[in-house]
Amino acid sequence: MRRPPFGIPRLTLRARLTLVYGALFVAAGLALLTVTYLLFNRQLSQLFVSRYGASSGGPAMLSIFMPGGYVMQGSDALRWVQAQEAELREAAVTSLVTQGAVALGAVGLLAAALGWAVAGRMLAPLRLVTATARRIAAAPAADRGLHERIGLRGPVDEVKELAGAFDTMVERLGHAFNGQRRFVAHASDELRTPLTLNRALIERAMHRRTASPDVKQLGASLLEINARHERLISGLLLLARADHEVGDRSPVELAEVVSHVVGQTAAEAEQAGVTVHESAFPAQTAGDAMLLERLVHNLVENGIRHDTGDGSGWVRVASRTLFDGGTEVEVSNSGPAVASYEIPALFKPFHRLGAERVITGRSVGLGLSIVRSVARAHGGDVTARPRQGGGLVVIVTLPRT
């Protein structure tokens with residue numbers, strides 16, 4: 001039983017149906033008991049009249065032989081018979097009403113129990129529809145549970161039509177999401193060729209002997225913009241790939257991934273004046289090693305790029321095994337303060353904070369979006385919180401092998 005906001009108990013549909021079944025049965029039973037009582041009372045009255053009030057001699061000829069040889073005649077005999085008849089009628093009516101009420105109560109309880117069972121049986125398909133809808137709604141991504149189907153079997157009725165319509169709706173939504181993902185992947189892939197051609201033409205123009213300093217400066221700016229577009233396309237391709245749940249999984253040691261990523265980003269960290277601290281403890285999970293490496297790389301890269309820039313920044317990267325059997329990767333960094341209400345928006349594609357709102361060649365706004373998609377594709381999740389003193393703490397939780 002669920003409670004609405006004001007604390008008034010709200011009965012479930014099964015309970016309401018049971019109450020309706022029970023109330024109808026009790027009403028029908030009371031009507032039957034009343035009719036039986038009236039017919040029984042009338043029959044007793046007619047039986048007395050036919051036996052004693054319509055005899056050939058009338059009440060004056062009535063004689064009753066009492067125990068001990070005493071004979072009662074006339075009006076005395078009639079009064080005695082009437083008293084006996086009234087006593088018999090009262091006893092019979094009392095017995096009829098009492099036993100009928102007890103029987104009605106017992107059968108009413110049995111009818112309520114049967115009504116509860118029948119209602120549950122009839123509502124079982126609706127519970128299946130509800131459970132499937134909840135699984136789809138609880139999927140970590142908007143389209144992750146669209147492979148679910150009800151597949152209701154049984155006679156063709158309103159519930160089966162509802163389940164069929166639900167399956168059709170989910171199937172169309174799945175096709176729509178898959179088509180959108182394929183479009184992003186294909187469009188991103190098609191854009192690689194012109195960007196590669198642009199880069200080649202710009203580099204050729206920059207390295208000509210007759211190229212002026214203005215041309216070289218313009219070429220460097222165009223190469224930076226071109227590099228940002230290439231990173232954007234790579235991010236979109238990776239995001240489209242990460243939206244699929246990883247099916248073929250292999251053991252991955254996160255400590256090795258952390259060490260490898262720290263080595264890869266060492267040059268960028270040195271250039272930015274950021275110190276990267278590594279605490280790689282054994283933490284084994286299962287999944288796609290390339291996607292998991294990209295997850296850690298994006299976190300470390302974001303930590304480096306969102307530093308204060310005064311040369312005293314730092315990034316801490318840690319991997320560990322949790323007591324509950326899961327694994328964890330934690331990346332924290334120094335940097336400008338981030339408000340708690342801004343954190344959910346950081347996981348949205350193309351969202352940037354502060355100076356990163358300006359289009360640059362360093363960030364395309366897909367870093368944390370890719371992290372979340374990769375984590376959920378591996379059955380994990382990602383959380384973030386502001387660090388006291390500035391910066392951010394991002395924790396990725398993954399299942400253990």
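Okay, let's start with Arg-376 and Asp-381, whose side chains meet in a salt bridge, 3.8 Å from N to O. By salt bridge I mean a side-chain nitrogen of Lys or Arg within 4 Å of a carboxyl oxygen of Asp or Glu. Are these two buried or exposed, or in between? Arg-376 is partly exposed, with a relative accessible area of 24%, and Asp-381 is partly exposed too, at 36%. The cut-offs there: buried is under 20% relative accessible area, exposed is over 50%, and partly exposed is in between, with a 1.4 Å probe and protein chains only.

Now, a word on what we're looking at: this is a predicted model, so local features need pLDDT of at least 70 and side-chain atom pairs count only at pLDDT 80 or more, while totals for chains, interfaces and linings use all residues. Residues are numbered from 1 along each chain as its sequence is written, and side-chain values use heavy atoms, with hydrogens and water left out.

Back to the salt bridges. How many are there in the whole structure? A search finds five. Salt bridges that share partners join Glu-268, Glu-301 and Arg-305 into one network. Why are they about one helical turn from each other? Because they sit four residues apart in helix H7, residues 289–305. When I say helix or strand, I mean DSSP runs numbered from the N terminus: helices are H or I with at least four residues, strands are E with at least two.

One more pair: Arg-320 and Glu-328 form a salt bridge at 2.5 Å, N to O. Arg-320 counts as partly exposed because its relative accessibility is 27%, whereas Glu-328 counts as buried because its value is 12%.

Next, the sheet. Two strands pair if DSSP finds at least two bridges between them.

S4 and S6 run parallel and are joined by seven bridges; Ala-280 stands opposite Ser-319 in S6. S6 and S7 run antiparallel, again with seven bridges, and Val-317 has Val-331 in S7 as its bridge partner. These two strands make a hairpin with five residues between them, and Gly-325 in the turn has a positive phi of about 100 degrees. At the other end, six bridges join S8 to strand S9 (residues 392–398), running antiparallel. There, Pro-386 has Leu-392 in S9 as its bridge partner.

Let's zoom in on one residue, Ala-318, which is in strand S6. It counts as buried because its relative accessibility is 12%. Leaving out residues up to four places away in sequence, Ala-318 touches Ser-279, Glu-328, Val-329 and Glu-330. Ala-318 and Glu-330 are 12 residues apart in sequence, yet 5.2 Å apart in space, C-alpha to C-alpha.

Phe-25, Val-26, Leu-30 and Val-107 make a nonpolar patch of about 290 Å². Patches are made of residues with over 30% relative accessible area and no salt bridge; like charges are joined within 9 Å, and nonpolar side chains (Val, Leu, Ile, Met, Phe, Trp, Tyr) within 5 Å. Helix H1 (residues 13–53) gives the largest share, three residues, while Val-107 is in helix H2 (residues 74–137). Val-107 is partly exposed, at 40%.

Last, the whole chain. It has nine helices and nine strands, and of its 401 residues, 35% count as buried. The accessible surface comes to about 24400 Å², with 61% of that belonging to carbon and sulfur atoms. Those areas come from the Shrake-Rupley method with a 1.4 Å probe, and for residues only the protein chains shown count as cover.

Technical notes: Contact = heavy atoms within 4.5 Å.
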